[in-house]
Structure formats: C-alpha cells, structure tokens
Amino acid sequence: MSRALVLGGGGPVGIAWETGLIAGLAEGGVDVSNADWILGTSAGSVVGAQLASGRTPAQLLEAEFAQAERVKEASGTSGPAPDLGPLMALMMKRPAEGPVPIELLREFGTMALSAKTISEEVFLAGFGRLAAPDQPWPERFACTAVDADTGEFQVWSRDTAAPLGRGVASSCCVPGIFPPVGIEGRRYIDGGMRSGTNADLAHAYGKVLTIAVAPPAFAAFMIPGIERELDKVRAQGGEACLIVPDAASGEAFGPNLMDGSRREPIARAGFQQGLQEAAKVKAFWG
C-alpha cells in the first residue's frame, strides 16, 4: 500500500520537534523516511527535503543538535525572537471551517511584501546545502507555497520550475518575518498560510502519516481543521494517522514557535515522544 508522510509547519521549534520525533520513531523501530511521497509545509519542508534527499533520521538529529549549539553560542548577538503578534492577528481571520479565502491569502502576501526583513540572499543562505545550485530535487518530495501577489496556492516538486533551495525557502517565508522568495518572476510565501499541514494533498495515498506542530495550547483550534483534511484521505479509501506534540513536548516549546533558542530540549522531547509513539506508528505504517 502506498504511503505518504506529511510534515507540517512550525518555525525552528517545529523543525527541532519533527526531527527529534522522526529520529525517535526510527530508534523505536519504524523509519517513516521510506515513504513513497513526502510533503512538507514550512518547517516540514526543511525536514522533508532532507529526508527525501537520503539523510537518515539519526543524521538529521545530530545536525539539529549542532545547530542548537550554534544558536546557543550566538545567543548574545541574535536578538529577541520575532514578534508574531501581527501575523497571528491576521491568522485569526481564517474561517473555522472551509478553505482560506484567496482574499485573505493576498493579505498575507501584502504583509510579507511590505515588511522590512533580512535580504532574500541572506535568507536563502540560511538553508545551507539545500540552497546549493546543484542540489537535485528529490523525486518523492514536494512542498507548498502561496503566490504573494495573487494568493494562489503552489505545490513545488521535481516537475516544477523551482530549484530545491528556493522552493523550500518559499515554503518557509513567514509573512512579516522573512522576505518573499522569487521563482520564475513570481514571489512566494509560506504554504502554511493555506494550511498548517496541507494534508488533503495526500488523498491519493493508501496510508497517510501526518506530523503536525499543534501544541496542546492550540490543539482545540488546529486539530479539527487537520482532521477535515484527513477526512479527504479517508473518503478516498485511505487510512490516516495524526501525531501532534504531547504534553512534555508542548512544555518544551515555549510561547513562540519562531524562538530557536530551545532547539535542543525541544528535539530531545520530540525524540522521547517518538520512542513512545513508535509501536502505534509501526502498527499503522507497516
């Protein structure tokens, strides 16, 4: 049976937790990186691109700890975590049910285009080897973005014009925090503006494992929408499994998903949760 791994958005916190969780699952006997298709949104695009490119969960966790150490060493010069207040105010306009109106997606784009941020070049450089010009697009990987001007949803894959680094970077362009990313004359922002997971895109797969950064404090707000997306998988005859942060992981997160200063404890909490979830996921994943 075909299998899809869906990795949701969540900033540096999400990258750390997803990396730890997937490494914990692998340590517990189930390697979900062998999915037939990996879909990433925002933070999930960073993790997913690396998994689809052949890096093992253990290698990603080691790299995450190294990144956490670099962040710790630079803590005196990095400044405070970004203010997510304006973005969250706009996100509260998303409907409780149904798709996000394209007019609201355009508002996210306007916010991104008008914000004062680091340069696009500096932003791209932060993606390291993923942004290398010769980095091939993995065959079984896709990530999501939104056209900043039109609000149109975009799925990047090997069959589209986006280089891997720019595709992933565009998926991670949090409006108001990072610069929109140019691809083929258009500018793109975070695919999480449409949905934190975009799990409905995996409706053609027999088994869909969705890993969503929905902390306990936001679970009541986020999970119903994710389940509606997974209902589209079930409606096509597929099976769906959702993993969200447990209480220990949620406590490790802190109040701001863009605050990378807690990456190490978050990754460790994710690893422990992965170990605990491994038996359940193995029974589902096969």
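Contact here means heavy atoms within 4.5 Å.

## Basis of the model

This is a predicted model in which local features need pLDDT of at least 70 and side-chain atom pairs count only at pLDDT 80 or more, while totals for chains, interfaces and linings use all residues. Residues are numbered from 1 along each chain as its sequence is written, and side-chain values use heavy atoms, with hydrogens and water left out.

## Overall form

The protein chain has 10 helices and eight strands; these are DSSP runs, numbered from the N terminus, with helices being H or I of at least four residues and strands E of at least two. Its C-alpha trace spans about 50 × 45 × 40 Å along the principal axes. For 286 residues a compact globule would have a radius of gyration near 19 Å, and the 17 Å of the protein chain agrees with this. That radius is taken over C-alpha atoms, and the globule rule is 2.2 Å times the number of residues to the power 0.38.

The accessible surface comes to about 12,400 Å², and 54% of it belongs to carbon and sulfur atoms; areas come from the Shrake-Rupley method with a 1.4 Å probe, and for residues only the protein chains shown count as cover. Among contacts between residues at least 6 apart in sequence, 77% join residues at least 24 apart.

## Nonpolar cores

A nonpolar core is a set of buried Ala, Val, Leu, Ile, Met, Phe, Trp, Tyr and Cys residues joined through side-chain atoms within 4.5 Å. The largest one has 71 residues, and those with the most contacts inside it include Leu-5, Val-32, Phe-108 and Trp-285. Helix H1 (residues 11-27) gives the most to this core, with eight residues. Another core, of 15 residues, lies apart from it, and has among its members Trp-37, Ala-199, Leu-230 and Val-233.

Leaving aside residues up to four places away in sequence, Trp-285 touches Arg-3, Ala-4, Leu-5, Val-30, Asp-31, Val-32, Asn-34, Ala-35, Lys-207 and Leu-209.

Over residues 9-14 the chain is 67% helix and 0% strand, with its end C-alpha atoms 6 Å apart.

## Helix H8

The 17 residues of helix H8 (residues 219-235) should span 24 Å at 1.5 Å a residue, and the end C-alpha atoms, 23 Å apart, agree with that. The expected span is 1.5 Å times one less than the number of residues. The buried residues of H8 are Ala-219, Ile-226, Glu-229, Leu-230 and Val-233, and they pack against strand S7 (207-211) and strand S8 (239-243). Gly-237, with a positive phi near 95°, follows H8.

Ala-219 has a relative accessible area of 18%, so this residue counts as buried. Ala-219 touches Ala-214 and Pro-224, not counting residues up to four places away in sequence.

Most residues other than glycine have a negative phi. Ser-42, in the loop between strand S2 (37-40) and helix H2 (43-52), has a positive phi near 55°. Ser-42 is buried, with a relative accessible area of 6%.

Asn-198 also has a positive phi, of about 55°, and is found in the loop between strand S6 (186-190) and S7. Asn-198 counts as buried because its relative accessibility is 0%.

How values were computed:
Buried means under 20% relative accessible area, exposed over 50%, partly exposed in between (1.4 Å probe, protein chains only).
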